[in-house]
Amino acid sequence: MTDRTQLLAPDVAFRPAERADAPSFAAALARNRAYMRRWEPVRPDTFYTVEGQSARLTALLAERDAGRAMPWVLADADDRVIGAFTLSGIERGPFRNGRLGYWVDEGRAGRGLATAAVRAVCEAARDRLGLHRVEAATVTDNDPSGRVLAKAGFERIGTAPGYLHINARWRDHHLYQRLLHDDPPAG
C-alpha cells in the first residue's frame, strides 16, 4: 500500500491508479461490459484489452502529472481493480473545480463502496488538490448513482438535455455539485 491508500472495507482499498493496473482494468471492464453499457459511451473492442487500457492509463496519468486529472482505483484484497474514480477537467484559478466520474464492479455494487470512495475523492479534492467544487452527472434513469452522490453530500442542481453520448444516443443527465469549502482560492 502507498501512503495514499485508504481501506474502505477490510478487503477493499482505495488508491491512486498506476500504469501497472492495465491488465486488471482490462479484466474488470471486460467482466462488467454488459452491466455498464447503459451508462457508458460505446467503446471499441480494443478498449477492453490490456493494450487499450495501457494507452488509456498512460494518457490519464499524463493528465494527472499536468494537474488536470486524478485517477483512483478500488482494489480487492488481491489488488485487482473492482472500480475506478476519476476527477478530470481540473481547473484552477477562480473556478477550482473538477468533474467526477466513477464505476464499481457489478458484484460489489450496493455495498456502500461507491459512497465511501466518492467521499474520499472529495476529501482529496479539498485537502490535497485545493479544489472548491466537484461536479458530477448521471444519466437521468441511473437512480443508484444519484443516491451515491446524495449520500456523499452532493446536491442536484439541474438537468442537461442531450448532455453526453451514452449507449449510442445523446442522453439527458442530472447535474450535481458538492461545494467543498468557502475559502478564497489559494495563490
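1. Some ground rules before we start. This is a predicted model, so to speak of a local feature we need pLDDT of at least 70, side-chain atom pairs count only at pLDDT 80 or more, and totals for chains, interfaces and linings use all residues. Residues are numbered from 1 along each chain as its sequence is written, and side-chain values use heavy atoms, with hydrogens and water left out.

2. Let's take helix 1 and helix 3. Helices here are DSSP runs of H or I with at least four residues, strands are runs of E with at least two, and both are numbered from the N terminus. Two packed helices are described by the angle between their axes and the distance between the axes. Helix 1 (residues 22–31) packs on helix 3 (residues 50–65) at about 115°, with the axes 8 Å apart. The axes are lines fitted to C-alpha atoms over the stretch in contact, and angles run from 0 to 180 degrees between N-to-C directions.

3. Who touches whom there? Helix 1 brings A22, P23, F25, A26 and L29, while helix 3 brings V50, Q53, S54, R56 and L57; contact means heavy atoms within 4.5 Å. By class, that makes seven nonpolar, two polar and one charged residues. For the classes, Ala, Val, Leu, Ile, Met, Phe, Trp, Tyr, Cys and Pro are nonpolar, Asp, Glu, Lys and Arg are charged, and the others, Gly among them, are polar.

4. Helix 1 also has a buried side. A22, S24, F25, A26, A28 and L29 are buried, and the buried residues of this helix pack against helix 2 (33–36), helix 3, strand 3, strand 4 and strand 5. Buried means under 20% relative accessible area, exposed means over 50%, and partly exposed is in between (1.4 Å probe, protein chains only).

5. Next pair: helix 4 (residues 113–127) and helix 5 (residues 143–151) pack at about 45°, with their axes 9 Å apart. The contact uses A114, T115, V118 and R119 from helix 4, plus V148, L149 and K151 from helix 5. These split into four nonpolar, one polar and two charged residues.

6. Now the largest nonpolar core, which has 30 residues. A nonpolar core is a set of buried Ala, Val, Leu, Ile, Met, Phe, Trp, Tyr and Cys residues joined through side-chain atoms within 4.5 Å. L74, F85, L87, L100, V118 and F154 have the most contacts inside the core. Helix 4 gives the most to this core, with nine residues. Apart from it lies another core, of 14 residues, including A22, A28, M36 and A84.

7. Where is L180? Look in the segment after strand 8 (169–179). L180 counts as buried because its relative accessibility is 10%. Leaving out residues up to four places away in sequence, L180 touches C122, A125, R126, L131, H132, R133 and V134.

8. Most residues other than glycine have a negative phi. R96, not a glycine, has a positive phi of about 50°, and R96 sits in the loop between strand 4 and strand 5. A168, also not a glycine, has a positive phi near 75°, and A168 is in the loop between strand 7 (155–166) and strand 8. Which is buried and which is exposed? R96 is buried, at 11% relative accessible area, whereas A168 is exposed, at 52%.
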